[in-house]
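Please go through this note with the sequence and the structure open. The points can be checked one by one.

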Amino acid sequence: MPLRVRLTLWYGSALALVLIIFSVILYAITARSLRDTVDESLEETAMTAVRSLEARGFLPLIDEEELLSQFPELTRIDKFFQIFTPSGTITIRSPNIKQHEVPLSRTALEASFTGQSTFESAKYPKEPPLRLISVPIMYRGNLLYIVQVGTSMESVGETLHRFLVLLVIAIPIALAVSLAGGWFLAGRALRPVDKITLAAQRIAAGDLSQRLSMPPAHDEIGRLAATFNNMIGRLDTSFRQIRQFTSDASHELRTPLTVMKGETDLILRRPRPIEDYKTVLESNLEEIDRMTRIVDELLFLSRADMGEVKVESLPVALEALVEDVHRQATLLGHDRDIEVVLGTIMPVIVQGDDLRLRELLLNLVENAMKYSHPGGKVEISLLKEGQEARLSITDHGIGIAPADHKKIFHRFFRTDVARAHTKKGTGLGLAICSWIADLHKGRVEVKSDLGQGSTFTVVLPLAPLQLSKV
Ligand SMILES: Nc1ncnc2c1ncn2[C@@H]1O[C@H](COP(=O)(O)OP(=O)(O)OP(=O)(O)O)[C@@H](O)[C@H]1O
Ligand SMILES: [Mg+2]
């Protein structure tokens, strides 16, 4: 059942219940107070009658003429009047009662002997009910007469009936009007939800560029729309990245495959000396190595994404690590005519995984060497600044345009300058570096400009042990 219908039904039932309870109570109170008014007026009349009788010294009244002159209020047609003897026989009655007998009830008679007045209702077929009061007249502890005054409840009944009709007509109307109002309001409140649903359907159909138009109010729906847009934005970005990644990955793997296929095709076209086969196989092996590296790195990154890579969290002396890498790099630098020197090296201990940090540093030093010009110089320095270790690798090579500073950390991204400079490289090294830095709650900063050389700085928090010492 749609939410709109459900909301309206809930609202309608609650309102109907309230209206009915309210009406029943109102009806009961009205009926009660109307009857009380009748009773009061009956009592008043009866008392007047009793007082007049007392004034006459309780002499029995003889005829109607006299009676009416004594009690002018009896002429009011809505009340009748009877006087009974203690034995229950009528001594006198007002003329407007003559249509039928209204005998004194047993309860009224019994109550009269104890000196109490009685209110009663009496019903005769095909007539409106009567309301009666019976008041005893006592003289020196003896019951002399019983005065009974009665009136028809017709007008009260009519009033109540009209009231009931009014309620029966008004309640459904009020209910219908407010149900319509509720339906309208629920529809209005839920309209943005429909919009969100439609947009979500379009998005589900593959159009991730869709965004919800934001309602101006900062209410629940506004927040929902904002969250939704935010989510779609992120989905859009990651889908784009995945698509980009897949095409990049296939492209990277295709190149060595094309090379291998071309060379193999060519060599198989006709018989050749054994050396030629050897050359091709060696070249193929190189390509296979390259592909193996790419696949290994991809595998590592995807396992890292899934959180499946185990990392240690132990104190690591960075200066020792830097010295190791420096030694390794110096050897490599010999072949390429690149000098690797150490700048300021402070003793620094960070918390983390020695092997991963070594990999991070080696990647950066390799890059620095790879993108340096022959005869260039690469400098490694390690500083402690506040609560952070700053490990910098500076080269004077090809540099990176500021627009690419973010992109170089994306998988497979290589600048055109870098591609022109060297064929070697897949563009995965820095992605791995930034993953390792993240894992150590650190970051990799880049300072570089085209042709000006680059400085990559790894910023890592110091190990807590050292923090307490400071
Ligand atoms: N020191 C540097 N000087 C200039 N450009 C750099 C430097 N380091 C990185 N880059 C740029 O960033 C890109 C990405 O570097 P990254 O290390 O991820 O890949 P790569 O070195 O090309 O390949 P590999 O996966 O083999 O490391 C490089 O292709 C290059 O364009
Ligand atoms: Mg690299």
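1. Ground rules. This is a predicted model: local features need pLDDT of at least 70, side-chain atom pairs count only at pLDDT 80 or more, and totals for chains, interfaces and linings use all residues. Residues are numbered from 1 along each chain as its sequence is written, while chains are lettered from A and ligands numbered from 1 in the order in which they are written.

2. Domains. The assignment gives domain 1 (3-158), domain 2 (220-305) and domain 3 (314-469). Such bounds come from an automatic or database domain assignment. Between the C-alpha centres of domain 1 and domain 2 there are 104 Å.

3. Helices (H or I, at least four residues) and strands (E, at least two) are DSSP runs, numbered from the N terminus. Two strands pair if DSSP finds at least two bridges between them. Axes are lines fitted to C-alpha atoms, for helices over the stretch in contact, and angles run from 0 to 180 degrees between N-to-C directions.

4. Strand 1 (residues 79-84) is joined to strand 2 by 3 bridges, and the two run antiparallel. Q82 has R93 in strand 2 as its bridge partner. Contact requires C-beta atoms, placed from the backbone, within 7 Å. Look also at the turn of the hairpin of strand 1 and strand 2: 5 residues lie between the strands, and G88 has a positive phi of about 95°.

5. The helix pair. Helix 4 (residues 154-204) packs with helix 5 (residues 220-268) at about 10°, and their axes are 10 Å apart. That makes helix 4 roughly parallel to helix 5; angles under 35 degrees count as such. P192, V193, I196 and I203 in helix 4 meet I221, L224, A225, F228 and I232 in helix 5. What kind of residues make up the contact of helix 4 with helix 5? They divide into 9 nonpolar, no polar and no charged. Ala, Val, Leu, Ile, Met, Phe, Trp, Tyr, Cys and Pro count as nonpolar, Asp, Glu, Lys and Arg as charged, and the others, Gly among them, as polar.

6. Another open sheet of 5 strands has the order 7-9-10-12-11 and mixed pairing. Strand 7 (339-345) and strand 11 are its edge strands, each pairing on one side only. The twist averages 15° from one strand to the next. Strand 7 and strand 9 (residues 377-385) are parallel, over 5 bridges. L342 has I380 in strand 9 as its bridge partner. Helix 7 (residues 318-336) packs on the sheet, touching strand 7, strand 9 and strand 10, and its direction makes about 165° with that of strand 7. Helix 8 also packs there, touching strand 7, strand 9, strand 10 and strand 12, and its direction makes about 25° with that of strand 10.

7. Strand 10 (residues 388-395) pairs with strand 12 (residues 453-461) over 8 bridges, in the antiparallel sense. E388 is bridged to P461 in strand 12. Strand 11 (residues 443-449) joins strand 12 by 7 bridges, also antiparallel. K447 has T455 in strand 12 as its bridge partner. The hairpin of strand 11 and strand 12 has 3 residues between the strands, and G451 takes a positive phi near 75°.

8. The ligand. How many residues surround ligand 1? There are 21, and the closest are R414, A418, G425, G429 and L430. A residue is near if its C-beta atom, placed from the backbone, lies within 6 Å. Helix 8 (354-370) and helix 10 (429-439) are the elements giving two or more residues to the shell. Helix 10 has the largest share, 3 residues. The shell divides into 10 nonpolar, 9 polar and 2 charged.

Conventions:
Parallel < 35°, antiparallel > 145°, perpendicular 65-115°, else oblique. Contact = placed C-beta atoms within 7 Å.
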